[in-house]
Amino acid sequence: MIRMGGLSVADKKELLRLVGNMQQLAYVRPITFEEGRARGMRAFEVKNGALKFSVMADKCLDLTDVSFGGHNVSFLAKPGLMGRNHFDTNGAEALRSIMGGMLFTCGLENICAPCKVDGKDFPMHGRIRTTPAEHVSADARWVGDDYILTVSGTMREAELFGENLTLHRTITTCYGEKSICIEDEITNEGFRREPMMLLYHINVGYPLLCEDSEILIPTRRVTPRDEAAKSKLAHWNRMEAPLDNEPEYVFLHEMAADPKGNTFAAVLNRRLGIGLKVDYNVRDLPYFMQWKSIASGDYVLGLEPANSSVYGKLHHMEENSLHEIEPLATEHKKLVLTFLSGGELDALRRKAEETKLD
């Protein structure tokens, strides 16, 4: 049974009676931006019924604009859409190249603040987020009774006499379902142990994010990153109205999970009747940070599963806890973004309470 937008269709045969070409309902289309700082950037536009999103082929196959049921759910930072430029790996200047989007991937040698180690610079949130994909492919086809849309490719972070890391990403969505599955394989193709830091920066924006929004995280413990966040600790799970020149707040969560390590974080909007849930596994991504900004013009919530702390590379080096990947080894990560509506919002609230009790 395929369900989408209130339509129920018994099977593939019945659906094909209603449409002559599935691109009427779902497609993956290559596009190239033609103006501004995004000029020349390659991407894929994906439509899956009420769910639409774009995948940046030239920026780590990350997700930019995402909408569900006609409502925008993603965040776009002030710099707007852009391809790779000279700001990307220049210390704190990287802020001028962070366009936000639904997802930008941080790593692989560094996440969070820029730093210098043994004379070598590690830019803010690393280099992988601006690395173009190679061996890119896109497909939309029937697999049995499922119409599957897929985008995949490989990003390489490498240096002469240095690291040689690859990230192979596969993004999948299925017609009749309301989710985006992101599966990553990170491989050390070199012959020495390498640091491998990874943070998935998932960014929610207006109108899903507003004063009506509820931040739902099955947390066992919430720790403010600094004094600014400490002053807002009591309000970590809700959004306020925008305030001019307000600082950002970051909270570290100790996540509750089921016996297999599965957990989630979500943003719900009862007025719009929609929500976003992010599923992942704490065994693969043991850290979770929440980035909250109610600043006017920078109004955003970040949900951030990671294998490393927001305190960054130097912190882990000092604590002797820097995550490393062995030569020729591969690590697998999986995220699922599910878009909710109607009674699914209340069902998720109940699940969050049950998860806390497990």
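This is a predicted model: local features need pLDDT of at least 70, side-chain atom pairs count only at pLDDT 80 or more; totals for chains, interfaces and linings use all residues.
**A guided tour of backbone exceptions and surface charge**

With 81% relative accessibility, Asp118 counts as exposed, because the cut-off for that class is over 50%. Asp118 sits in the loop between strand E9 (115-117) and strand E10 (120-122). Inspect its backbone next: phi is positive, about 50°, although Asp118 is not a glycine. Most residues other than glycine have a negative phi.

Now select Asn320, in the loop that runs between helix H3 (312-319) and strand E24 (324-325). Here, too, phi is positive in a residue other than glycine, with a value near 55°. Is Asn320 buried or exposed? Its relative accessibility is 74%, so Asn320 counts as exposed.

The next stops concern peptide bonds. Most peptide bonds are trans. Select Gly107 and Leu108 together and display the backbone between them: the peptide bond that joins these two residues is cis, with omega about 0°. Leu108 belongs to strand E8, which covers residues 103-108.

Move on to Tyr206 and Pro207. Which form does the peptide bond from Tyr206 to Pro207 take, cis or trans? This bond is cis, and its omega is near 10°. Pro207 is placed in the loop between strand E16 (197-204) and strand E17 (213-216).

For the next view, turn to the surface and select Asp11, Asp145, Asp146 and Glu177. These four residues gather there in a patch of negative charge. Within this group, centre on Asp11, which is found in the loop between strand E2 (7-9) and helix H1 (12-18). Asp11 has a relative accessibility of 32% and therefore counts as partly exposed, a class that lies between the cut-offs of 20% and 50%.

Because its relative accessibility is 58%, Arg39 counts as exposed. Which residues does Arg39 contact, once its neighbours within four places in sequence are left aside? Its contacts are then Phe33 and Glu34. Arg39 and Met82 are 43 residues apart in sequence, while their C-alpha atoms are 7.3 Å apart in space.

Note on methods. Residues are numbered from 1 along each chain as its sequence is written. Side-chain values use heavy atoms; hydrogens and water are left out. Helices (H or I, at least four residues) and strands (E, at least two) are DSSP runs, numbered from the N terminus. Buried means under 20% relative accessible area, exposed over 50%, partly exposed in between (1.4 Å probe, protein chains only). Patches are made of residues with over 30% relative accessible area and no salt bridge: like charges are joined within 9 Å, nonpolar side chains (Val, Leu, Ile, Met, Phe, Trp, Tyr) within 5 Å. Accessible areas come from the Shrake-Rupley method with a 1.4 Å probe; for residues, only the protein chains shown count as cover. A salt bridge is a side-chain nitrogen of Lys or Arg within 4 Å of a carboxyl oxygen of Asp or Glu. Lys and Arg count as positive and Asp and Glu as negative; His and the chain ends are not counted. The place of a charge is taken as NZ of Lys, CZ of Arg, CG of Asp or CD of Glu. Contact means heavy atoms within 4.5 Å.
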